[in-house]
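I am opening a notebook on this structure. The entries below note what I looked up, in the order I looked.

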Amino acid sequence: MDNREAILNSALNLFWARGYDATGVQEIVDQAGITKPTLYYYFGSKQGLLQEILITNSRQLEEELREAVSRKGDIPTTLYRVARAYFDFAENHRKFYMFMLSQFYAGRETEGFRAVYPLIRKYYQLVVQIFADASQELGNMGGRQEQFAISFIGILDSHMMLAFRDLSEEKSVTISDEQTYEIVRQFLYGIYS
């Protein structure tokens with residue numbers, strides 16, 4: 001592992017465990033086994049390091065969501081694909097996913113929130129588009145595409161946060177296909193009713 005990768009791994013581990021604001025640069029470099037000038041050489045600052053962690057790790061989730069949204073299908077199938085993309089990504093990148101959510105729910109004036117918000121907003125817009133495209137199929141949309149997107153993403157995030165809440169780092173969790181179908185079905189029941 002090279003120095004750059006060691007810094008990224010150390011920072012993500014510490015940010016996940018303690019939070020971005022509670023983690024100092026000295027802790028990161030100590031855990032990575034490098035010096036502060038090395039961190040500054042690669043990332044410029046702690047905020048630059050945060051940006052790189054977000055960009056590097058979020059790329060795959062965005063690609064998977066774009067793929068899920070772009071494939072044609074009825075609304076239950078599309079929402080299932082989106083849910084699977086979220087769940088699969090979170091299961092395989094738990095630390096990053098949970099860290100990303102923690103920053104989204106942090107104070108609105110924090111560096112973490114300002115850095116993560118554009119990513120979350122991008123994912124949200126993809127889901128809004130699903131509901132906008134399905135307005136003919138759903139019929140009772142009534143301009144509530146954004147409300148439906150917020151609710152759907154909130155349900156997915158809640159399931160992952162609760163699934164991970166008591167797990168040690170070594171344990172894994174999987175939300176099965178059957179559970180995913182049930183989550184989507186319950187969500188759609190609320191829309192259709």
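**Contacts and overall layout**

I began with contacts in the chain between residues at least 6 apart in sequence, and 67% of them join residues at least 24 apart. I note that the model is a predicted one.

Next I looked up the secondary structure, which comes to 10 helices and 0 strands. Read from the N terminus, the elements run α-α-α-α-α-α-α-α-α-α.

I then took the extent along the principal axes: the C-alpha atoms of the chain fill a box of roughly 60 × 30 × 30 Å. The chain has 193 residues, and 46% of them count as buried.

**Helix α5**

I looked up the span of α5. This helix has 18 residues and reaches 26 Å from its first C-alpha to its last, close to the 26 Å expected at 1.5 Å a residue.

Buried here means under 20% relative accessible area.

**Largest pocket**

I turned to empty space. Rolling a probe the size of a water molecule over the atoms shows where such space is left.

The largest pocket holds about 260 Å³ of space. I listed its lining of 16 residues, and those nearest the centre are Phe104, Ile120, Tyr124, Ile150 and Ile153.

Which helices each supply at least two residues of this lining? They are α6 (94-104), α7 (111-133) and α9 (145-164). Sorted by class, the lining of the largest pocket has 13 nonpolar, 1 polar and 2 charged residues.

**Second largest pocket**

The second largest pocket has about 210 Å³ of space. I found 12 residues in its lining, and Val69, Gly73, Thr78, Ile130 and Asp133 are the closest to its centre.

The elements that give two or more residues to this lining are α4 (46-70), α5 (75-92) and α7. Of these, α7 gives the most, with 3 residues. I sorted the lining of the second largest pocket by class and got 4 nonpolar, 4 polar and 4 charged residues.

**Annotated stretch**

Last, I checked the UniProt record. Its unreviewed entry carries the annotation "DNA-binding region" over residues 24-43. I looked up that stretch in the model: the chain there is 80% helix and 0% strand. The C-alpha atoms at the ends of residues 24-43 are 14 Å apart.

Conventions
Residues numbered from 1 in each chain as written. Predicted model: local features only at pLDDT ≥ 70, side-chain atom pairs only at ≥ 80, totals over all residues. Heavy atoms only, no water. 1 Å grid on protein atoms, 1.4 Å probe; cavity = no way out; pocket = protein on both sides within 12 Å on 5 of 7 lines; lining within 4 Å. Points joined across faces, edges and corners; volume = space filled by probe spheres on them. Helix = DSSP H or I, 4+ residues; strand = E, 2+ residues; numbered from the N terminus. Nonpolar A, V, L, I, M, F, W, Y, C, P; charged D, E, K, R; others polar. UniProt positions renumbered as here; feature names shortened; annotations may be inferred. Expected span 1.5 Å × (residues − 1). Buried < 20%, exposed > 50% of the residue type's maximum accessible area, 1.4 Å probe, protein only. Contact = heavy atoms within 4.5 Å.
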